[in-house]
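Welcome, and please take a moment to look over the model below. A short tour of its main features follows.

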Amino acid sequence: MDEKDVQLEHNKVSVSESHHPAHAGKIIGIIALVALCFSVAYGGTLLANRSNGSRENVSFDVVKDDGNIVVSESEKDLASLVEKVSPSVVSIVTTSASNDPEYELQGAGTGVIVSKNGYIITNKHVVDGVSRATVLMSDGKSYENVKVIGADPLNDIAFLKIDGVSDLPPLTIGDSKTVRVGQSVFAIGNALGQYQNSVTTGIISGLGRPVLASTNGTSNDVESLNDLIQTDAAINSGNSGGPLLNVKGQVIGINTAIAQDAQGIGFAIPIGAAKGMLKRVLATGKVERPVIGVQYVSITPEAKLAYGLSADHGDYVRSSSGSGVKAGSPAAKAGIKDKDIITKVNGQKVGAGKSTSTLVGEFQPGDTITLTILRGDRTFDVKVTLKAY
């Protein structure tokens, strides 16, 4: 897979926490968001290549000491986990208008049940612009009384609600701050829109990845996604919105994209980036993202060299146009300035997979948090009260 240096400037400069990795290392050139869209309203049968060899009468001896029936402890553990979490992973089938009024487009994705009363988290691109959505449970039951509650304005996250339910099985939300490279993970999703709750396993192969993502593989609908978890657990079309889970069956990420020209490179949004919104939607039914109102460059060895920085980690407050601190924002009111380095959020060290935006995402609008700031040679703490985007 070719990698390209891409200058990425977020287009929501006035109110968002965003990365600007123009000099902060390599960004994987346009990757694919992995919701599946059928060309017409009728999904076809998946076709696989078959050989046309001649038929012969062939007999096989029974294999003695058949290794296929031996179940290892690790297999037992994984099988038990999959059985436990599968009822909480749903398939999402969407319908939207096409350019031809006689046809409708159908799409397929995955979602995670996060409450007994029917709230579901998925990817924004799974439900963007759809006219209706149907949720299919792992036991075959379907729900059509599904509403799109709202979406994260700055990330590929959305929330749905099934009306009239009270006994759905929510998945346990884990902690993405403590994930590590090499950690075992597994993914579940509606692969290719036809293989509901397909399971793949692998490891976390990278943290803090910035990518440019597109639903159609072109530059026409590109969005920037930052601070992603990279995994080699196979993620396929239709897996969008499904969970990336640790060995305890806890959600640590929401699968969102794949690198089409590579093998074993998939990406998930850290669950921490959506925790605050999740708490908010469960409490109020509204999707509201907390922000502090800064733009920054995440410090990498390349960024440290490019900007002449002394810090080895943190987020360097700056913008390519104007100030990196939005006027009147919580950050401005707290006295944060351009060229400050945010090194901690509520005592949590800022770094790969734990950017300021991701760490702030664990809180709700109205919460007051502590940011540790490095300004020149001086380190100090400031209190910041978060506002809604």
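How many residues lie between E5 and E6 in the hairpin that they form? There are five, and glycine 118 in that turn has a positive phi of about 100°. This is a predicted model, in which local features need pLDDT of at least 70 and side-chain atom pairs count only at pLDDT 80 or more, while totals for chains, interfaces and linings use all residues. Residues are numbered from 1 along each chain as its sequence is written, and side-chain values use heavy atoms, with hydrogens and water left out.

**The chain as a whole**

- The secondary structure comes to six helices and 24 strands; helices (H or I, at least four residues) and strands (E, at least two) are DSSP runs, numbered from the N terminus.
- Of the 389 residues in the chain, 50% are buried. Buried means under 20% relative accessible area, exposed means over 50%, and partly exposed is in between, with a 1.4 Å probe and protein chains only.
- Among contacts with a separation of 6 or more, 66% come from residues 24 or more positions apart; a contact means heavy atoms within 4.5 Å.

**Strand E6 and its partners**

- Strand E5 (residues 104–113) pairs with E6 in the antiparallel sense over two bridges. Two strands pair if DSSP finds at least two bridges between them.
- Strand E10 (residues 158–162) also runs antiparallel to E6, and four bridges join the two.
- Isoleucine 121 in E6 is the bridge partner of valine 112, and isoleucine 121 also stands opposite phenylalanine 159 in E10.
- In a regular strand the side chains alternate between the two faces of the sheet.
- Strand E6 (residues 119–122) is covered on both faces, with Tyr119 and Ile121 buried on one side and Ile120 and Thr122 buried on the other.
- The ring of tyrosine 119 has the charged end of lysine 161 over it, 5.4 Å from the ring centre. A charge sits over a ring if NZ of Lys or CZ of Arg is within 6 Å of the ring centre and within 35 degrees of the ring normal.

**Two helices to look at**

- Helix H1 (residues 73–85) has 13 residues and reaches 18 Å from its first C-alpha to its last, close to the 18 Å expected. The expected span of a helix is 1.5 Å times one less than its number of residues.
- Leu81, Val82 and Val85 are the residues of H1 to find in the interior, as they are buried. They cover an arc of only 100° around the axis, so they lie on the same side of H1; the arc is that of the directions from the helix axis to the C-beta atoms.
- Exposed residues Glu73, Glu83 and Lys84 sit on the face of H1 turned away from its buried side.
- Helix H3 (residues 272–284) has 13 residues as well, and its end C-alpha atoms are 19 Å apart, which agrees with the 18 Å that it should span.
- The buried residues of H3 include Gly272, Met277, Leu278, Arg280 and Val281.
- Among the elements that cover the buried residues of H3 are E6, E10 and helix H6 (356–360).

**A pair of aromatic rings**

- The structure holds one aromatic pair. The rings of tyrosine 307 and tyrosine 316 have centres 5.3 Å apart and planes at 45°, so the pair is tilted.
- Rings of Phe, Tyr and Trp (its six-membered ring) pair if their centres lie within 6.5 Å; planes under 30 degrees apart count as stacked, over 60 as edge-to-face and the rest as tilted.
- Tyrosine 307 is partly exposed, because its relative accessibility is 21%, whereas tyrosine 316 is buried at 8%.

- Aspartate 227 has a positive phi near 65° although it is a residue other than glycine. Aspartate 227 lies in strand E13 (residues 223–231) and is buried, at 4% relative accessibility.
- Lysine 339 is not a glycine either, and its phi is positive at about 75°. Lysine 339 lies in the loop between helix H5 (330–333) and strand E20 (341–345) and is exposed, at 60% relative accessibility.

**Threonine 256**

- Threonine 256 is in strand E15 (residues 251–258) and is buried, with a relative accessible area of 0%.
- Aspartate 156 is 100 residues away from threonine 256 along the chain, and their C-alpha atoms are separated by 7.5 Å.
- Leaving aside neighbours within four places in sequence, the contacts of threonine 256 include Val34, His125, Asp156, Leu228 and Phe267.
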